[in-house]
Amino acid sequence: MPKKYASATEVLQSVFGYHEFRGHQEAAIAQVVGGGDAIVLMPTGGGKSLCYQIPALLRDGTAIVISPLIALMQDQVDSVRQVGIQAGFLNSTQTTVQRTAMEKALRAGELDLLYIAPERLSMSSVQDLLDQCEISLFAIDEAHCVSQWGHDFRPDYLGLSILAEKWPSVPRIALTATATQSTHQEITQRLHLDKAQHFVSSFDRPNINYRIEPKDSGVKQLVTFIRNEYPDKAGIVYALTRASTEKIAGQLSDQGIPALPYHAGLDVKTRHDTQARFLAEDGLIIVATIAFGMGIDKPDVRFVAHVDLPKSIEGYYQETGRAGRDGDPATAWMTYGLGDVVQQRRMIEESVGSVNHKRNLSSHLNAMLALCETVECRRQNMLSYFGEESQACGNCDTCLRPPTQWDGTVAAQKFLSTIVRAEQHGYPWRQCWGEDDLPHFGSGHLVDVLRGVETDQVQRWNHQNLSTWGIGGDLNASQWRSVVRQLLARADVALSNDGHSTLYVTDQGREVLRGNRDVPLREDVLRKAGAVKEKKPKQAPVPVDVSEDSLELFQALRQWRLAQAKARGVAPFVIFHDATLKAIAAKKPRTLEELSTISGVGETKLASYGEAILNACQADVNSTLLQSE
Ligand code: ADP
Ligand code: ZN
């Protein structure tokens, strides 16, 4: 269809109602509008969508957006339709009738944008269909899915190399929020984007406060965090297993905190309903496995909590990035303990796959563990992992409450030598019992030995005769667990592959035993686990940036928005973001002209909602006048 706009700036302002471009948006858009290829690496919330939506409105033909997020296509389409873009999607959730209608609209050139799932591109019928249309560009969203070593690999993405072969003259733009250099390279190679211009943004998300705390009371800790800091706000809790998401969601609900589980084992309808409720409601919490979240563009998710250790920094950073897309303060909160390290190490040991694959998993996990145990700025650690240099941030737990280190060398030597001695002590059994019946000594037992605690297992193996028996009375059990966790995180000890979490000393650990390596440990963990329980400082409430005299109008506008969203069957933020409503409430515009200057109010939204908003503003002014009379 003929294009109505002359420049990218005009589209930005008239269609989207935004005042200026962010970061690399303008340059990336110019590259694609000019017919070139682009690779865009921007953090979540950075504004990737505009990089293909604006070219779609400036170039002739239909832009094809390839996205793995079938469940979200409807929302994406709703969202762009709200600003007046002609859009649709083709995927397996449609009926034949719906699909045929969409194909007809596409052939007739009625669409600016068409979202399709990657697997459809391998169908010859779809290829024929595209051949009959004018294509303005291909946008490959979530392009990191092409990376085989990555956490979101989708085999169908490998097939996308066909775009370059079959439609060489159509510009392509690949977008992702995954920033590692290896992923970047894989995207370039596998999608044949060797001539593309690269737009790499800073991956910093300064409004997110990063915190990693020692795990002690499990769900209670989570409840305290939510109650103290984000009551009635939307958040995502990530847990490792399907069963634990259900359990935690149940426990939160029992405590009066609305929460729903989400995982791949639930049927499609339940998942869809849960997602729709999360988008539509204000204070709902989703407890999910990693199956939830990619492409969730709810702007006002106030926190992301991890109650289990993530497998990699890539995954962790992307998951936490779902908090605070609107730029308002948000928190990435995680609890982490010895059990997490044991579990993750064991999962790698037991995983099927090549040695290379295991090594790859281990190196991802080690980087994650180093982040958990660092005494330096968390953000600096993560950004440097992505190849970006930065200063200490002032908005993470280690910056705000710097942990001190203590010399854990002697404690480490005591623990490591207990492992060695218990193993040697068990040696005679090996000869009479055979390998399968060998005793298994996990960390709990070894700590009992160090602290001189008489248990059945101690008696059974006569471990009160070990020379390290009772030499660890200077630390209590949880302090020892902290030591063991850090040793395991640093790979001074390892788990054997016997399915019983038996520990053994690694080569690195032997260096510690020989006195060739020091073992600095985090003291904050120790202090926290100490006999005198430290009272947690109460966090300052999240600042509310709505002034008192605009609060009432802001609340009224939110009510109005909710009613509109229900009536139209879309998510509230699709109509206006909180930031836009806040600006309206502060400015209290009297004319459409005034309203149109507010960020987020484009021409189509002005036409659809302008009058209603002016009425709400007028009603607010009237009631204020009444009150002051
Ligand atoms: P991403 O896909 O990179 O995670 P989005 O494209 O969803 O991010 O953009 C995040 C939010 O920022 C969206 O609500 C979008 O409308 C808004 N946004 C994008 N670009 C701008 C801009 N130049 N000015 C104001 N808001 C913008
Ligand atoms: Zn910091």
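1. A residue is called buried when its relative accessible area is under 20%. By that cut-off Cys377 counts as buried, because its relative accessibility is 6%. The structure discussed in this note is a predicted model, and the points below should be read with that in mind.

2. The cysteines deserve a careful word. A disulfide is a covalent bond between the sulfur atoms of two cysteines. A search of the whole structure finds zero disulfides. For Cys372 the reason can be given: the closest cysteine sulfur, which belongs to Cys396, is 13 Å from the sulfur of Cys372, and this is too far for a bond, since a disulfide requires two sulfur atoms within 2.5 Å. Cys372 also counts as buried, with a relative accessibility of 4%.

3. The largest pocket has a volume of about 1,300 Å³. Its lining is made up of 47 residues, and those that lie nearest the centre of the pocket are Tyr18, Gly47, Ser49, Arg325 and His577. Several helices take part, for H3, H4 (73-82), H26 and H27 each supply at least two residues of this lining. When the lining of the largest pocket is sorted by class, there are 19 nonpolar, 17 polar and eleven charged residues.

4. The second largest pocket holds about 1,100 Å³ of space. A total of 45 residues line this pocket, with Leu69, Ile70, Ala71, Leu72 and Gln275 lying nearest its centre. Among the helices that each supply at least two residues of the lining are H4, H5 (96-107) and H25 (548-568), while the largest share, six residues, comes from H12. By class, the lining of the second largest pocket has 23 nonpolar, twelve polar and ten charged residues.

5. The largest cavity contains about 40 Å³ of space. The residues that line this cavity are Pro43, Thr44, Ala177, Phe203, Arg205, Tyr317, Gln318 and Gly321. They divide into four nonpolar, three polar and one charged.

6. Across the whole structure, a search finds 14 aromatic pairs. One of these is formed by Phe576 and Tyr609, which are arranged edge-to-face, with 5.7 Å from centre to centre and 65° between the planes. This pair links distant parts of the chain, as Phe576 is in the loop between helix H26 (572-575) and helix H27 (578-587), whereas Tyr609 is in helix H29 (residues 603-628), and the two are 33 residues apart. Both partners are buried: Phe576 has a relative accessible area of 2%, and Tyr609 has a relative accessibility of 1%.

7. Lysines are found over aromatic rings in two places worth checking in the model. Lys166 lies over the face of Trp167, at 5.4 Å from the ring centre, and Lys298 lies over the face of Phe278, at 5.5 Å from the ring centre.

8. Another lysine, Lys48, is placed in the loop between strand E1 (38-41) and helix H3 (49-58). Although its residue type is one of those classed as charged, Lys48 counts as buried, with a relative accessibility of 14%. The C-alpha atom of Lys48 is separated by 12 Å from that of Thr178, a residue 130 positions apart from Lys48 along the chain.

9. Ile116 is in strand E4 (residues 113-116), and this residue is buried, with a relative accessible area of 1%. The C-alpha atoms of Ile116 and Ile613 are separated by 35 Å, and these two residues are 497 residues apart along the chain.

10. Finally, the backbone angles of two residues call for a second look. Most residues other than glycine have a negative phi. Glu142, however, has a positive phi, near 50°; this residue is in the loop between strand E5 (135-140) and H7, and is buried, with a relative accessible area of 12%. Lys588 likewise has a positive phi, near 45°, and lies in the loop between H27 and helix H28 (592-596).

Notes: Residues are numbered from 1 along each chain as its sequence is written. Chains are lettered from A and ligands numbered from 1 in the order in which they are written. This is a predicted model: local features need pLDDT of at least 70, side-chain atom pairs count only at pLDDT 80 or more; totals for chains, interfaces and linings use all residues. Side-chain values use heavy atoms; hydrogens and water are left out. On a 1 Å grid over the protein atoms alone, a cavity is a set of points where a 1.4 Å probe fits but cannot get out, and a pocket is an open set with protein on both sides within 12 Å along at least five of seven lines; lining residues have an atom within 4 Å of a point. Grid points are joined across faces, edges and corners, and a volume is the space filled by probe spheres set on the points. Rings of Phe, Tyr and Trp (its six-membered ring) pair if their centres lie within 6.5 Å; planes under 30 degrees apart count as stacked, over 60 as edge-to-face and the rest as tilted. Helices (H or I, at least four residues) and strands (E, at least two) are DSSP runs, numbered from the N terminus. Buried means under 20% relative accessible area, exposed over 50%, partly exposed in between (1.4 Å probe, protein chains only). A charge sits over a ring if NZ of Lys or CZ of Arg is within 6 Å of the ring centre and within 35 degrees of the ring normal.
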